[in-house]
Amino acid sequence: MSNIVKGDSVIYLDNNATTRVAPEVVDVMLPLFSELYGNASSMHTFGGQMIRFVNEARANVANLLGAQPEEIIFTSCGTESDSTAVFSAVETQPEKRHFITTRVEHPAVIALGNLLEKRGYDVTWLGVDSKGRLDLDELARSIRKDTALVSIMFANNETGTVFPVDEIARIVKERGALLHVDAVQAVGKEAIDLSKTPIDFLALSGHKLHAPKGIGVLYVRKGTRFRPFLRGGHQERGRRAGTENVPYIVGLGKACELAGSSMAQERTQVAALRDKLEHGLLAAIPNAIVNGDVEHRLPNTSSIAFESVEGEAILLMLNEFGICASSGSACTSGSLEPSHVLRAMGVPFTYAHGSVRFSLSRYTTEAEIDRVLEVVPGVIKTLREISPFTRRG
């Protein structure tokens with residue numbers, strides 16, 4: 001146990017990967033592991049009383065989303081929610097064999113598009129411009145009478161670029177198609193009101209907004225035809241079988257309640273710290289650029305590309321200083337490939353390889369940002385001195 005690195009010993013700027021569970025969330029969960037451990041589907045009072053906790057949590061989630069409680073289905077994660085939405089849409093419309101998504105989606109949706117192609121579906125992959133923005137005219141032209149579903153994320157997990165979901169929903173609904181939105185990165189950071197935006201399916205994941213890993217939600221608009229992905233018991237009104245994970249459901253409900261009250265902090269204090277980090281790095285390090293749409297992005301996210309270095313090498317050196325971030329590249333079969341998001345944006349190869357995502361939270365402090373600004377310029381300078389890209393130049 002002596003080799004375990006704990007959160008209080010690091011500067012954690014990887015909140016788009018996962019977040020610290022809020023202390024208030026831990027507090028409401030703990031009794032449900034020990035004193036109140038009954039099965040919510042039991043007939044006896046001890047277990048059956050758990051339904052009250054589940055319903056309170058469902059109301060908290062619905063309130064954050066501007067939804068009705070009966071439109072909320074608890075799942076295990078965002079990936080399950082995405083899969084449930086996509087397969088429900090295609091199974092309830094077997095006559096429709098066309099699926100639309102984007103080239104910058106999370107792998108949870110990219111994989112579904114690839115699978116549908118293998119099953120004979122016609123899949124339209126919408127491109128983005130150099131800032132990661134969609135062409136809404138292309139979206140409108142792509143929707144057909146046989147389009148089973150349009151699946152577009154709310155905000156990109158790598159760059160933080162926020163798509164105009166209200167306008168996307170208008171375009172999709174005017175043409176009679178169903179819309180699924182992966183809002184995993186947006187919930188708790190961007191205002192969402194599903195009573196006004198006609199989205200049919202929306203996915204979220206608890207561990208992106210200070211709830212535990214292993215709990216998610218699928219919103220299904222009332223009246224939308226639906227087929228369950230997991231079948232078995234009667235839980236979730238027959239829409240998602242499996243024993244209710246009451247502690248995690250309650251934790252997510254509390255996290256959504258906290259997110260509603262802290263959204264102003266996300267958009268002001270967190271955004272100000274992000275901007276301080278970003279401006280400081282760009283001022284201190286030559287040949288660095290910001291990936292994505294700086295005018296329309298999540299308040300906590302900054303993706304910066306440093307020319308002539310490798311993102312993995314940056315992360316390894318930052319790790320030595322106790323700084324946690326993530327890379328815009330992925331190591332595949334022994335050779336580095338820039339992420340599919342950066343490739344779709346056309347980020348130059350020598351920049352895409354050196355992309356690092358810094359993602360903050362409401363627990364990030366100014367002192368931590370100051371420390372990162374002290375460390376990163378030296379890291380980039382050292383790596384550029386030994387970089388094969390630099391030597392070839």
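The legends below describe several close-up views of one predicted model. Residues are numbered from 1 along each chain as its sequence is written, and side-chain values use heavy atoms, with hydrogens and water left out. Because the model is predicted, local features need pLDDT of at least 70 and side-chain atom pairs count only at pLDDT 80 or more, while totals for chains, interfaces and linings use all residues.

View 1. D293 is buried and has no salt bridge. Buried means under 20% relative accessible area, exposed over 50%, and partly exposed in between (1.4 Å probe, protein chains only). A salt bridge is a side-chain nitrogen of Lys or Arg within 4 Å of a carboxyl oxygen of Asp or Glu. The nearest side chain of opposite charge, R133, is 4.5 Å away; Lys and Arg count as positive, Asp and Glu as negative, and His and the chain ends are not counted. A polar atom of the D293 side chain lies 3.1 Å from the backbone nitrogen of E295. Apart from neighbours within four places in sequence, D293 is in contact (heavy atoms within 4.5 Å) with K131, R133 and T161.

**View 2. The buried and exposed faces of helix α10.** In α10 (residues 311-320), the buried residues are G311, I314, L315 and L318. These residues lie on the same side of α10 because they cover an arc of only 95° around the axis, where the arc is that of the directions from the helix axis to the C-beta atoms. The elements covering them include β10, β11 (323-324), β12 (326-327), β15 (355-359) and α13 (366-386). The exposed residues L316 and E320 are carried by the face turned away from the buried side. Just after α10, G322 takes a positive phi of about 75°.

**View 3. A network of salt bridges linking E167, R170, E174 and R175.** E167 forms a salt bridge with R170, with the closest N and O atoms 2.3 Å apart. Both residues belong to helix α8 (residues 165-174), where they are three residues apart and separated by about one helical turn. E167 is partly exposed at 30% relative accessibility, and R170 is partly exposed at 36%. A salt bridge also joins the side chains of E174 and R175 (3.6 Å, N to O). E174 is exposed at 53% relative accessibility, whereas R175 is partly exposed at 39%. The whole structure contains 22 salt bridges.

View 4. The side chains of E385 and K381 meet at 2.8 Å, N to O.

**View 5. The aromatic pair of F33 and Y248.** A pair of aromatic rings is described by the distance of the centres and the angle of the planes. Rings of Phe, Tyr and Trp (its six-membered ring) pair if their centres lie within 6.5 Å; planes under 30 degrees apart count as stacked, over 60 as edge-to-face and the rest as tilted. The count comes to three aromatic pairs. The pair of F33 and Y248 is edge-to-face, at 6.3 Å centre to centre and 85° between the planes. F33 lies in helix α2 (residues 31-34) and Y248 in helix α9 (residues 246-284), so the pair ties together parts that are 215 residues apart in sequence.

Conventions. Polar contact = N/O pair within 3.5 Å; in protein donor to acceptor, adjacent residues only side chain to side chain. Helix = DSSP H or I, 4+ residues; strand = E, 2+ residues; numbered from the N terminus.
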